[in-house]
Amino acid sequence: MKSRISLVCIVVLLAMVVPASAAPDLSVTDVLVNPGDTRSDDILRVYVNGGNVISAVVQNAGPDAVTGGFDVCFVADGKKIGCTTVADGMAADSNTTISIDWTPSCEDYPVMPGFPPQSLPLTITATVDCNCSSCPNCPDDGSCGKITESDETNNALSKDLPAIQEFSGTNGVIGGVVNNGYKSKNFDCDTTEEPLTLEYFDLVDGDMAFNISGAKISTFAPQATDARVHHIDLPAGAVVLGAGLYVSWYDKWGNYKTYPTGCLANLSVNFNGTDIMPEWVYHDSKAFGYYQSPKGCAVFNVTSLVSGSGDYTAIVKNIEPIGGNNTTLLGQALGVYYIGAGHGCRVQLWVLEGTDYLMAADDTHGGNNYSVSPESATATVALPGEIDLTDVIDAKLIAIVTQGMGPGSDLLFNDKVIKTDAWNASTEAYPGSKINVEEVPVLSKLLPSDNTMGFRDNGSDGMQASCAILAVIHAPASAAPDLVVESVTPNCDYLFGNESNGISATITNNGAGCEGSFNVSFVLSDGFSATESVDALAAGDNTTVSIIDPTIRDAGDEVTITVTADCYGSVAEDDESNNATTLDATVVNNGYKGKTYTGGENITTWKTYDLNGDLVYSAGDSYYLSAYYNKHWTEYSANWTASDLPVPTAATVVEARLYVPYTWDKADVMPSEAGMNFNGAAQTLNAHYSDRKGYDGYDYPCGMLVYNVTDDFNDAGDNYATITNLHAGGGNVSMRGMVLVVIHEDAGEPRRQIFVNEEFDLLNGKSSYCTTPDEATAWAPITGPTINPSTVSNARLITFAPSADGPEGELIFNEHVWVDEWIDNGVHEIGISDRVVTAHLRSTGNVVGFRSSADGMEASNAILILEEGDPWADSDSDGVPDCWDLEDDTPSGYLTDSEGRGYRIGDVNRDGDLTSVDALMILQAIVENIEL
């Protein structure tokens, strides 16, 4: 009986420990991002436009095994990035890691290269047992899954990847979605940028020489200098066509928030006694994590300072005013190309320059893993153009890198490795310079067109591809002349609309001397043609032939220009098939000219007022906001105190108008992605005026937004305005400042006529922009009610010129000119002029002109205020009418000059004091008129 009771107890006990409905329990316990990468646990990041491993650690915590297959869904910011099936099930109380490979696109994550680097935040969610057909919309209750679980609500886990992440000992490091700067620029999101910049030269009897000098200085402090000497050997009589100084450097950027504007080296050079600034600065950087080290090259144009063989001293200076960028100065190269080499050969030169930071770093290359293979750490550059291989006698490739001291990298030509273990320590060109040079013959590897070259890092701790030269040498020319059109160049490389155009052609004789004259024809596809004569052209010489085409065209017209040397066939040549060259041109407007000259609008009279009242204006505390230094700005505000805009207590505000000029609108933010709030109330855009260069690089819109804020203006206190940048990622447009103009009516004020003209016109009168000051003039004709000058006691002209930081520009009113008229306050970038123009007023045909002589500026507003009264009134009785009296309170008994400015009797030098200096000047004047 006793044993039967024990058996029953055991059965009861078993019934108590076994659940009524045992089942699996799947969950995601961790999401891993590039788990094999260095510091992937500390700094979470994915690389845009590159492969990334995203893993989910899946656990079955239930007492039962999963016997069937199930899916794991991966989502980034709500978008499916992968879904994979686990076919073999899972044992109870086990876990497994499921991975996918994901390439974030530049379209979804526009992380552009540059410095400081950009990054974007990201959230990745992994869900276990969500059918792939439901991904990314996996329900929270697990109802779409294939596995019946004891808990269906714990299947998902999210991981946030902030753009700036906490890291011990810092104020934040870059993570999230990043650009992997260790890869070549071939692989980043800027598809318009080649890793290196190309220049091409085709020279007869030409060549190139270079010299490297200067050792590394680890701490090149602010205001420090270092002198380097370059020796260049050129043949006697050689003519230098171009010379560049390439100064290499790198800086340390150890903390994203400590030096937010970046740490690019700020260098100048004194070259043989002449101070110059860099013409271009190339740079590249890692672009993520903490240990940033932007690396680059400053390029100085020294063509005018190199004339022949000799030593040239370059004194490099760190002109950074304060510490913080920790510049390290490396070596530098002086490169010179010239004609007069004495060999008589034709030489084709492809010259590359720039900076592309390369470092292979994956699980098999280098000491770290950053998902960079040697293939992606390869900078490949195209060398366009045709090569006639039939007469090529030599070809060499010179490739230069900075900090390429480690062994194992490859030099490529036409996708083939032509030098292994390139740029190691033995190739350092100057002791301690950290500049490495390889020179390899490539004659047997040349293609007739579409040649390429490449720099590849194989895990050598990194290098910077800096320069390369492909030199192809042809056999000397034959005994007959060979006339070719080397280039066809319209003014500033463009045909401009609404004006006549100059067109030039360079004619070169690549053969023997041409003793007789010949003709050059210019034929344009829309009807114009001209012919010019050229005298004899010696072997290897060239000449420039120019014409003026008077045809007036519209922007957008397509024109083909054909220039033919020896168009009548008067010269017997070695090659008669290469005399013509064509250029396809699209007509553009030259935005640097006034809109009068580009088919646009003048600065027209927007509105007029005739009232007892006045106008006040102020830029408040507005300032210039640079999108270069504030790449992610989203709000910009300005404030006005009551004293900024003194509206009388008894006055009524008729109109309050807010002008907001902007520039460098790289992403077309304005006006569709801008919102305005004035004194807490949302505003509707009243007007938008804009202009742009219209051609070439840096062709970004600039303009002015206008808001009618009358209803929300506070005439008894302070006012404020806030513009919101709604563009994704912020930035991409810079703000000049803001000006608030208020017109008020007041019975106690004189009667005034007020003419308000508005528009926006970009101006630059530099000849290098193919403009003259006369063309770089914006006109503002004053139209509206009749003006009677005989009843005007005072005429006041107020003009706004954004970007005129001056003093600069010429103000014109009815043919009277004031020079260097506009200047800003050094905070905002709006030049403001306010002057009396009564003496120049006309009854009709009044016109205001804004003229740029030698610098860039913009014209936006002209306001003419006419006050009713006696034009000949002399309120201070100094003999000068108020209409041109520059001093309206001259004390009684003072003398006055022609403009009404008073000075005391005897104050000869007019410094406001009677001193011995005045007495001496009087005595000298008397002595000079007495004969002794």
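Visitor: Which cysteine forms a disulfide with Cys-492, and how far apart are the sulfur atoms?

Guide: A disulfide here is a pair of cysteine sulfur atoms within 2.5 Å. Cys-492 meets that cut-off with Cys-770, the sulfur atoms lying apart by 2.2 Å.

Visitor: What kind of model is this, and which pLDDT do local features need?

Guide: Residues are numbered from 1 along each chain as its sequence is written, and side-chain values use heavy atoms, with hydrogens and water left out. This is a predicted model: totals for chains, interfaces and linings use all residues, side-chain atom pairs count only at pLDDT 80 or more, and local features need pLDDT of at least 70.

Visitor: What is the handedness of the link between Cys-492 and Cys-770?

Guide: Look at the torsion about the S-S bond. It is about 105°, so this disulfide is right-handed.

Visitor: Where do Cys-492 and Cys-770 sit, and how many residues apart are they?

Guide: Strands are DSSP runs of E with at least two residues, helices are runs of H or I with at least four, and both are numbered from the N terminus. Cys-492 is in the loop between β31 (483-490) and β32 (501-509). Cys-770 is in the loop between β48 (751-764) and β49 (777-781). The pair links distant parts of the chain, with a separation in residues of 278.

Visitor: Is Cys-492 buried or exposed, or partly exposed?

Guide: Buried means under 20% relative accessible area, exposed over 50%, and partly exposed in between (1.4 Å probe, protein chains only). Cys-492 has 26% relative accessibility, so it counts as partly exposed.

Visitor: How many disulfides does the structure hold?

Guide: Count the bonded cysteines along the chain. The pattern is 1-6, 2-5, 3-8, 4-7, 9-10. The number of disulfides is five.

Visitor: How many residues in sequence separate the parts tied together by Cys-73 and Cys-135?

Guide: The sulfur atoms of Cys-73 and Cys-135 are 2.1 Å apart, in a disulfide. Cys-73 lies in strand β4 (residues 70-76), and Cys-135 in the loop between β8 (122-128) and β9 (156-161). So the pair ties together parts whose separation in residues is 62.

Visitor: Is the link of Cys-130 and Cys-138 left-handed or right-handed?

Guide: These two cysteines are both buried. Their sulfur atoms are 2.3 Å apart, in a disulfide. The angle about the S-S bond is -90°, and the link is left-handed.

Visitor: Which cysteine sulfur is closest to that of Cys-514?

Guide: Cys-514 is buried, at 4% relative accessible area. The closest cysteine sulfur is 13 Å away, too far for a bond. That sulfur belongs to Cys-567.

Visitor: In what order do the strands of the three-stranded open sheet run?

Guide: Two strands pair if DSSP finds at least two bridges between them. The edge strands, each pairing on one side only, are β2 (45-47) and β7 (119-120). The pairing in the sheet is mixed, and the order is β2-β12-β7.

Visitor: Which residue in β12 is the bridge partner of Leu-120?

Guide: β7 and β12 (residues 176-178) run antiparallel and share two bridges. In β12, the partner of Leu-120 is Val-177.

Visitor: What accessible area does the nonpolar patch with Met-921 have together?

Guide: Patches take residues with over 30% relative accessible area and no salt bridge, joining nonpolar side chains (Val, Leu, Ile, Met, Phe, Trp, Tyr) within 5 Å and like charges within 9 Å. A salt bridge is a side-chain nitrogen of Lys or Arg within 4 Å of a carboxyl oxygen of Asp or Glu; areas come from the Shrake-Rupley method with a 1.4 Å probe, and for residues only the protein chains shown count as cover. Met-921 is in helix α2 (residues 916-927) and is partly exposed at 31%. With Val-908, Val-917, Ile-922 and Ile-926, Met-921 forms a surface patch of about 370 Å².

Visitor: Which residues beyond its sequence neighbours does Thr-710 contact?

Guide: Thr-710 lies in the loop between β44 (702-708) and β45 (719-725) and is buried at 16%. Contact means heavy atoms within 4.5 Å. Leaving aside neighbours within four places in sequence, the partners are Val-653, Val-654, Glu-655 and Ala-656.
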